[in-house]
Amino acid sequence: MSHPSPIDQQPAWQALDAHAREMRDVHLRELFQDATAAGHERYTLYSRRAAGLTLDLSKQRWSDETHTRLLALAREAGVPEAISRLLAGERVNQSEDRPALHTALRLPADAHLEVEGQNLVPAVHETLDRMEAMVDKFLAGQWRGATGKAISDVVNLGVGGSDLGPLMVTHALADYRPDGVHEINVHFASTMDGSQLADYLTRLNPETTLFVLSSKSFTTIDTLSNARTARDWLLGRLVHNDHEEPHAIDRALVMRQHFIGVSASPGKMAEWGIAPANQLEFWEWVGGRYSLWGAIGLPIALMVGMPNFRALLGGAHAMDRHFQEAPLEDNLPVLLGLAGIWNVNFLDIRAHSILPYDGRLEYFASYLEQLEMESNGKSVTNEGEMTAYSTCPVLWGQLGPNAQHAFYQLLHQGTQSVECDFIAPLRRYDRVENDDTRAHLKAQHRLTLANCFAQSRLLMLGDDAIEDDGPRPSHKRYRGNQPSSTVLLDRLTPHTLGALIALYEHKVFVQATIWDINPFDQWGVELGKQIAGETERILGSREGLETMDDSSRGLIEALWDAEDQASKEAATSSAGQS
């Protein structure tokens, strides 16, 4: 549903704009002092729990009035109705005229979701069951390559959501490998220059390596370039030996035993050579960056087993239910989204840093960069009008303990404000068997949490966090007043990780609803692919250079000069050897 008039012209936005002028010079330390004077604790007022997560928003630069007015904005923008439409399968992706049903991928088998006359749940679980049969076969050591050896290495070939989601989750849940099974090592190659894949091909055994080709359209040039290289490598190594004598192995056997495809285009998979039995379904109503919950998550399931993969889905579904059922004032995704709206649109904070304090979440910031900036990096409303207000901030991040020694200097004493999200599990290392080792690791975890809590406190209070009787020179001053949110997981488990990811997915949707933009398309990405294809044709044919701008012509000519020089050097070397 679109807004009847631009959201920034509606009463709730206008009231917030006026309120923001009153709040611009209010420091977070004052907000905490005022709460204490009134007999309140800001943590109690602005923290909420759901699905194994605790969200603390007390360090946001807002007051009770701000909070109330933001909730009014959410209602005026139709957030409750938008949540219902999303989860009911209505066509919320307006530019592509289809629903966005990633939440359907984590519905339990006994649920019922009818969309345009069809219950989607049986097909979702049929794919999950097919995944489970594949995973069980791998983990039993029964999926064998063309020479009869059990597959031990699986390389996922994908890009964007087909890479970042599975990569992030397999790293985060590495502790949850099942015991007593045939171990599968999962690798990821996404770069179109082939550097990641080339490294794997020098180390892996073709007899025991399988490739998963993950592409919604099965036309993505990055993925197909890597796939062709992988196919040539396997066929060259397995169909012929060093003496060019044919093995009793044919091309069809290699393709059948060493490739699995995940796509919404079964015809293109078959045309490429993926056997029908090795194809997993990916629906058009699931966007790539929202796709790890289904067949795109095969690498995750291969790493952690299907019971843990289903627990991941269960955690996400628990957050879906909370998103659907909790009132706005207690709704974690809504509140997190409103904090971002307040910072971007009313406090003019355009930068957002994601700071996990757990090494297993190393790739979480990269995952959120795509989720948020590809979804909400838009400047046109659903009505096709240019927005008169800012939308998605610039996201970046790194593991917090490492970032403290990298860019925290800017956070504490730089010239611009940055909103920060601190993310950490409360408990860790419970499963370590050795008592002494467990004690040492728990002490390290406590030290990590001490840093996490201290950094958010210092960003909030500045110099007031430091007990120091003497005056401080200006270059040692900390202004504080930097807003932050903290998300605490009870433990980092498949369930809580699922809930955490779903929390941010829904936060993105809340913000898109208020900004009146479509978070489920990515036309800017599509245009980039088109222009890259045209440029590649010019590079290869050396025709059409006159159609390019002056800068592009110069860059292309520099490449051609380098190629010509390389050819001359190769010819000279060859002549010298002869």
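Reader: Leaving aside its neighbours within four places in sequence, which residues is Asp-222 in contact with?
Author: Asp-222 is in contact with Val-159, Ser-190 and Met-192 once those sequence neighbours are set aside, contact being heavy atoms within 4.5 Å. This is a predicted model, in which local features need pLDDT of at least 70 and side-chain atom pairs count only at pLDDT 80 or more, while totals for chains, interfaces and linings use all residues. Residues are numbered from 1 along each chain as its sequence is written, and side-chain values use heavy atoms, with hydrogens and water left out.

Reader: Is Asp-222 buried or exposed?
Author: Asp-222 is buried, because its relative accessible area is 15% and buried means under 20%, exposed over 50% and partly exposed in between, with a 1.4 Å probe and protein chains only. Asp-222 lies in helix α9, residues 221–238, where helices are DSSP runs of H or I with at least four residues, strands are runs of E with at least two, and both are numbered from the N terminus.

Reader: Changing topic, what lines the second largest pocket?
Author: The second largest pocket has 14 lining residues, and Gly-359, Pro-401, Arg-428, Gln-444 and Thr-448 lie nearest its centre. On a 1 Å grid over the protein atoms alone, a pocket is an open set of points where a 1.4 Å probe fits, with protein on both sides within 12 Å along at least five of seven lines, and lining residues have an atom within 4 Å of a point. Two or more residues of that lining come from each of α16 (400–403) and α18 (435–461), with α18 giving the largest share, five residues.

Reader: Why does the length of α18 agree with what a helix should span?
Author: The 27 residues of α18 should span 39 Å at 1.5 Å a residue, and the end C-alpha atoms are 38 Å apart, so the two agree; the expected span is 1.5 Å times one less than the number of residues.

Reader: And what happens at the ends of α18?
Author: Asn-434 caps the N-terminal end, with a side-chain oxygen 3.0 Å from the backbone nitrogen of Asp-436, and just after the helix Gly-462 takes a positive phi of about 65°.

Reader: Which residues of α18 are buried, and what covers them?
Author: The buried residues of α18 include Leu-441, His-445, Leu-449 and Cys-452, and what covers the buried residues includes α2 (28–37), α17 (408–413), β12 (419–427) and β13 (484–491).

Technical notes. Polar contact = N/O pair within 3.5 Å; in protein donor to acceptor, adjacent residues only side chain to side chain.
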